[in-house]
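Colleague: I would like to go through this model with you. Could we begin with the strands and then turn to how the chains meet?

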Number of protein chains: 2
Amino acid sequence: MTGGFTRDDLSEDEVARRAALYGPFTAAVRELVDVTIRTTVDDDEIRRAQAEIEAVTARLRARQLPGALGVSYGPDGRGRPWGNTVVGLRNPVAPPLVTEHHPSADGRVWCDFHLGAPYEGPPGLVHGGVSALVLDQMLGESAGAGGRPGMTGTLTLRYRQGTPLGDLRAEAWIDRVDGIKTWAKGHLIGPDGVTVEAEGVFILPRWARDRIAAGDGDTPRFFE
Amino acid sequence: MTGGFTRDDLSEDEVARRAALYGPFTAAVRELVDVTIRTTVDDDEIRRAQAEIEAVTARLRARQLPGALGVSYGPDGRGRPWGNTVVGLRNPVAPPLVTEHHPSADGRVWCDFHLGAPYEGPPGLVHGGVSALVLDQMLGESAGAGGRPGMTGTLTLRYRQGTPLGDLRAEAWIDRVDGIKTWAKGHLIGPDGVTVEAEGVFILPRWARDRIAAGDGDTPRFFE
């Protein structure tokens with residue numbers, strides 16, 4: 001059994017060492033993902049690349065987790081979602097987004113990022129579902145940044161115009177809170193303004209309710 | 001300029017030849033993506049793998065498209081969205097979904113697929129945004145299968161329970177049609193039943209309206 005929230009109490013130095021190892025490695029695989037879609041080399045070169053990739057994969061599989069990565073955390077309660085599809089430092093599928101926020105009750109978070117060939121839906125445009133993926137993560141992070149981490153309850157997207165592949169910005173904030181529910185809003189911004197608007201309800205999970213009720217002073221932060 | 005809908009009039013044989021070349025190549029990169037997240041080999045092995053991957057990438061970049069892949073099609077009007085984030089045969093980010101449908105007015109489509117480590121959000125669970133990504137594609141394909149291709153206008157997701165990583169099923173169908181708008185519905189099904197429900201509005205693009213108005217007998221199929 002892997003996955004789950006795992007307290008590993010790694011030192012800051014060890015976290016930094018692992019980030020310095022896995023960050024560039026994962027970035028290299030992201031480059032390979034991009035060129036896999038875009039390359040126009042000869043068939044023989046494709047076959048040769050495939051054989052070499054299969055050999056590398058076999059060596060990496062010699063020792064591996066039995067399942068997905070899960071989320072680890074240390075004594076500060078701050079999660080390391082390194083396998084996450086959107087923000088995961090070790091996930092080549094993640095662009096990855098590196099979100100920014102200042103501590104605030106309205107949980108405002110923002111992020112500048114780039115989406116290339118792997119995120120295409122209609123020709124030249126970001127896949128509508130990728131916009132939803134990014135905004136789900138942003139709204140969830142907003143809830144977490146406001147001290148209200150949660151699982152997505154509902155999510156509504158309004159597509160105002162096509163989102164071109166390229167440099168984009170996402171913003172999210174908490175709109176209101178009621179009991180265990182947090183309403184978050186956000187949008188994507190392209191070169192011609194807002195392209196997609198989102199609103200979501202995030203449900204505070206039981207472990208977070210217990211910690212808040214216990215008043216142990218730790219804001220739950222696993223979803224940041 | 002790349003991207004766009006490109007009529008290339010490839011023969012069926014040539015399409016099959018390319019699928020046989022790029023399908024296994026892309027599948028090999030998907031395996032690498034998975035193990036990039038899950039491997040626990042030594043640091044030196046990670047660095048060695050990184051160097052080899054960078055060398056393969058450099059060779060593949062020797063000749064490449066200047067941008068994203070876009071969607072090509074032949075004389076039957078059937079699109080080949082090989083770069084698509086969800087269904088793209090050449091996109092390692094795509095699981096990929098291989099959707100099935102019988103020609104029908106209600107546009108019913110379905111798909112059995114597997115989501116592993118790259119699609120994780122909360123530990124052990126599919127990222128809520130990945131469920132949205134998959135369902136956006138499925139609802140869009142449903143509209144297309146019913147002869148009503150479209151760009152996503154709105155999309156609403158209701159999360160009933162966590163979706164565990166593993167074997168899943170997605171289903172979608174057309175709920176109703178009004179002018180240029182098509183309402184599609186769908187859901188994800190996990191081992192314990194429906195996990196996420198979706199409803200979306202898809203807007204018929206101008207080129208499809210023109211073709212339908214001209215009554216040229218070709219159902220627009222680019223979004224299938």
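**Strands, helices and the interface**

Modeller: Strand β7 (residues 166-178) of chain A pairs with β5(A) in the antiparallel sense, over 7 bridges. Please keep in mind that this is a predicted model.

Colleague: Which residue stands opposite Asp167(A) of β7(A)?

Modeller: Asp167(A) in β7(A) has His114(A) opposite.

Colleague: What does strand β4 of chain A pair with?

Modeller: Strand β4 (residues 100-101) of chain A pairs with strand β5 (residues 109-115) of chain A, in the antiparallel sense and over 2 bridges. In this pairing Glu100(A) stands opposite Trp110(A) in β5(A).

Colleague: And over how many bridges do β8 and β9 of chain A pair?

Modeller: Strand β8 (residues 181-190) and strand β9 (residues 193-203) of chain A pair over 10 bridges, again in the antiparallel sense. Ala184(A) has Gly200(A) in β9(A) opposite.

Colleague: In what order do the strands of this sheet run?

Modeller: The order is β4(A)-β5(A)-β7(A)-β8(A)-β9(A)-β6(A)-β6(B)-β9(B)-β8(B)-β7(B)-β5(B)-β4(B), an open sheet of 12 strands with antiparallel pairing. The edge strands are β4 of chain A and β4 (100-101) of chain B, each of which pairs on one side only.

Colleague: What packs on that sheet?

Modeller: Helix α3(A) packs on the sheet and touches β4, β5, β6, β7, β8 and β9 of chain A as well as β6 of chain B. The direction of α3(A) makes about 135 degrees with that of β8(A). Helix α3 (residues 128-145) of chain B also packs on the sheet, touching β6 of chain A together with β4, β5 (109-115), β6, β7 (166-178), β8 (181-190) and β9 (193-203) of chain B. The direction of α3(B) makes about 135 degrees with that of β8(B).

Colleague: Where the chains join, is the pairing of β6(A) with β6(B) parallel or antiparallel?

Modeller: It is antiparallel: β6(A) and strand β6 (residues 151-159) of chain B pair over 5 bridges. Thr156(A) stands opposite Thr156(B) in β6(B). Thr156(A) is also the residue of chain A that comes closest to the rotation axis, its C-alpha lying at 2.1 Å.

Colleague: What rotation superposes chain A on chain B?

Modeller: A rotation of 180 degrees, with 0.0 Å of shift along its axis and an RMSD of 0.0 Å. That is the relation of a two-fold axis.

Colleague: How many residues are in contact across the interface?

Modeller: In chain A, 77 residues are in contact with 76 residues of chain B. On the chain A side, the elements that give two or more residues are α1 (12-38), α2 (43-60), α3 (128-145) and β6 (151-159). The largest share comes from α1(A), with 13 residues. By class, the chain A side divides into 38 nonpolar, 26 polar and 13 charged residues.

Colleague: Why can one say that the copies meet through the same surface?

Modeller: Because 99% of the interface residues of chain A are also interface residues in chain B.

Colleague: Turning to the helices, at what angle do α1(A) and α2 of chain B pack?

Modeller: The angle between α1(A) and helix α2 (residues 43-60) of chain B is about 25 degrees, and their axes are 9 Å apart. The two helices are therefore roughly parallel to each other, and their crossing is left-handed.

Colleague: Which residues of α1(A) and α2(B) meet there?

Modeller: Among those from α1(A) are Leu21(A), Phe25(A), Leu32(A) and Val35(A), while α2(B) contributes residues including Ile46(B), Ile53(B) and Leu60(B). The contact of α1(A) with α2(B) has 12 nonpolar, 2 polar and 3 charged residues.

Colleague: How far apart are the axes of α2(A) and α2(B)?

Modeller: The axes of α2(A) and α2(B) are 10 Å apart, and the helices pack at an angle of about 170 degrees. That makes α2(A) roughly antiparallel to α2(B). The residues in contact include Glu45(A), Ile53(A) and Arg59(A) of α2(A) and Glu45(B), Ile53(B) and Arg59(B) of α2(B). By class, the contact of α2(A) with α2(B) has 8 nonpolar, no polar and 6 charged residues.

Colleague: One last topic, chain B: in what order do β1, β2 and β3 form a sheet?

Modeller: The order is β1-β2-β3 in chain B, an open sheet with mixed pairing. Strands β1 (5-7) and β3 (79-80) of chain B stand at the edges with a single partner strand each, so one side of each has no neighbour in the sheet. β1(B) pairs with strand β2 (residues 71-73) of chain B in the parallel sense over 3 bridges, and Phe5(B) stands opposite Val71(B) in β2(B).

Terms used:
Residues numbered from 1 in each chain as written. Chains lettered and ligands numbered in written order. Predicted model: local features only at pLDDT ≥ 70, side-chain atom pairs only at ≥ 80, totals over all residues. Pairing = 2+ DSSP bridges. Helix = DSSP H or I, 4+ residues; strand = E, 2+ residues; numbered from the N terminus. Contact = placed C-beta atoms within 7 Å. Nonpolar A, V, L, I, M, F, W, Y, C, P; charged D, E, K, R; others polar. Least-squares fit on C-alpha atoms with pLDDT ≥ 70 in both. Axes fitted to C-alpha atoms, helices over the stretch in contact; angles between N-to-C directions. Parallel < 35°, antiparallel > 145°, perpendicular 65-115°, else oblique. Left-handed = near helix turned anticlockwise from the far one by under 90°.
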